[in-house]
Amino acid sequence: QTVYISKNLTIEGGYSADDWDTPNPISNPTTLDAEGAGRVVYVTGAGTTVWLRNIHLINGDATGLGGGPGDSDAGGGIYVAAGTFGTTLINSHVSDSAAEYGGGVYASTGLTISNTMLINNSAANGGGMYHTGTADGRVVNSVLARNSATTTGAGLYLDTSGSVDILHVTIA
């Protein structure tokens with residue numbers, strides 16, 4: 001993983017070296033690039049709460065890392081492990097990542113995605129996002145576009161007994 005998180009944490013991008021008070025993600029993009037050598041972000045830890053804001057997560061590849069159904073490879077861009085309290089991805093981009101399950105995002109626990117773009121990700125199932133487990137999820141004001149899946153769910157695959165609210169989302 002490029003970033004491994006196992007405790008409560010907020011990572012916020014968009015700052016400049018001259019101004020650490022006011023983020024401007026358009027002028028000061030912050031990118032985490034796995035360069036195809038693993039996942040971009042891995043979130044784990046019982047009761048962990050994580051916020052990722054104003055971040056570009058790119059070029060993740062979960063090949064050989066397991067973690068999905070039947071220990072298949074899961075979560076190329078971001079992997080949210082079971083047992084975490086919740087992860088929130090706000091005003092971010094997840095792109096050009098790959099896995100068998102959840103090329104862009106794999107979540108087996110509570111996940112909120114808001115004002116985020118999941119673009120150009122690929123997987124066998126859930127190219128943009130794969131959500132599983134019993135926890136509720138939420139995708140709001142976001143775009144899932146140009147993702148691909150060789151089996152099912154190019155944009156989004158939901159395999160959960162929890163509820164997932166999808167509000168004002170474009171899936172293309």
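A salt bridge is counted here when a side-chain nitrogen of Lys or Arg lies within 4 Å of a carboxyl oxygen of Asp or Glu. In this predicted model, aspartate 165 and arginine 138 form such a salt bridge, with their closest N and O atoms 3.3 Å apart. The two residues belong to distant parts of the chain, aspartate 165 being in strand β19 (residues 164-167) and arginine 138 in strand β15 (residues 137-140), 27 residues apart. Aspartate 165 counts as partly exposed, at 34% relative accessibility, and arginine 138 is likewise partly exposed, at 34%.

A search of the whole structure finds two salt bridges. Arginine 53 is partly exposed at 23% relative accessibility, and glutamate 12 is partly exposed at 28%.

Six strands form an open sheet with parallel pairing, in the order β2-β5-β8-β11-β15-β19. Strands β2 and β19 are the edge strands, each of them pairing on one side only, and the twist from one strand to the next averages 5°. Within this sheet, strand β8 (residues 86-90) pairs with strand β11 (residues 111-114) in the parallel sense over four bridges, and threonine 87 has leucine 111 as its bridge partner in β11.

The aromatic residues form a further set of contacts. The structure holds seven aromatic pairs, and one aromatic cluster is formed by Tyr4, Tyr42, Tyr79, Tyr101, Tyr106, Tyr130 and Tyr157. Two of the pairs are set out below.

| Aromatic pair | Centre to centre | Angle between planes | Arrangement |
|---|---|---|---|
| Tyrosine 4 and tyrosine 42 | 5.4 Å | 5° | stacked |
| Tyrosine 106 and tyrosine 130 | 5.5 Å | 5° | stacked |

The ring planes of tyrosine 4 and tyrosine 42 are at 5°, and planes under 30 degrees apart count as stacked, so the pair is placed in that class. Tyrosine 4 lies in strand β1 (residues 3-5) and tyrosine 42 in strand β4 (residues 41-43), so that the pair ties together parts 38 residues apart in sequence. Tyrosine 4 is exposed, with a relative accessible area of 51%, whereas tyrosine 42 is buried, with a relative accessible area of 18%.

Tyrosine 106 lies in strand β10 (residues 105-107) and tyrosine 130 in strand β14 (residues 129-133), so this pair ties together parts that are 24 residues apart in sequence. Tyrosine 106 is buried, with a relative accessible area of 4%, and tyrosine 130 also counts as buried, at 2% relative accessibility.

Tyrosine 79, one of the members of the aromatic cluster, has a charged group over its ring: the charged end of arginine 39 sits there, 4.4 Å from the ring centre.

How values were computed
Residues numbered from 1 in each chain as written. Predicted model: local features only at pLDDT ≥ 70, side-chain atom pairs only at ≥ 80, totals over all residues. Heavy atoms only, no water. Buried < 20%, exposed > 50% of the residue type's maximum accessible area, 1.4 Å probe, protein only. Pairing = 2+ DSSP bridges. Axes fitted to C-alpha atoms, helices over the stretch in contact; angles between N-to-C directions. Phe/Tyr/Trp six-rings, centres within 6.5 Å; stacked < 30°, edge-to-face > 60°. Lys NZ or Arg CZ within 6 Å of the ring centre and 35° of its normal.
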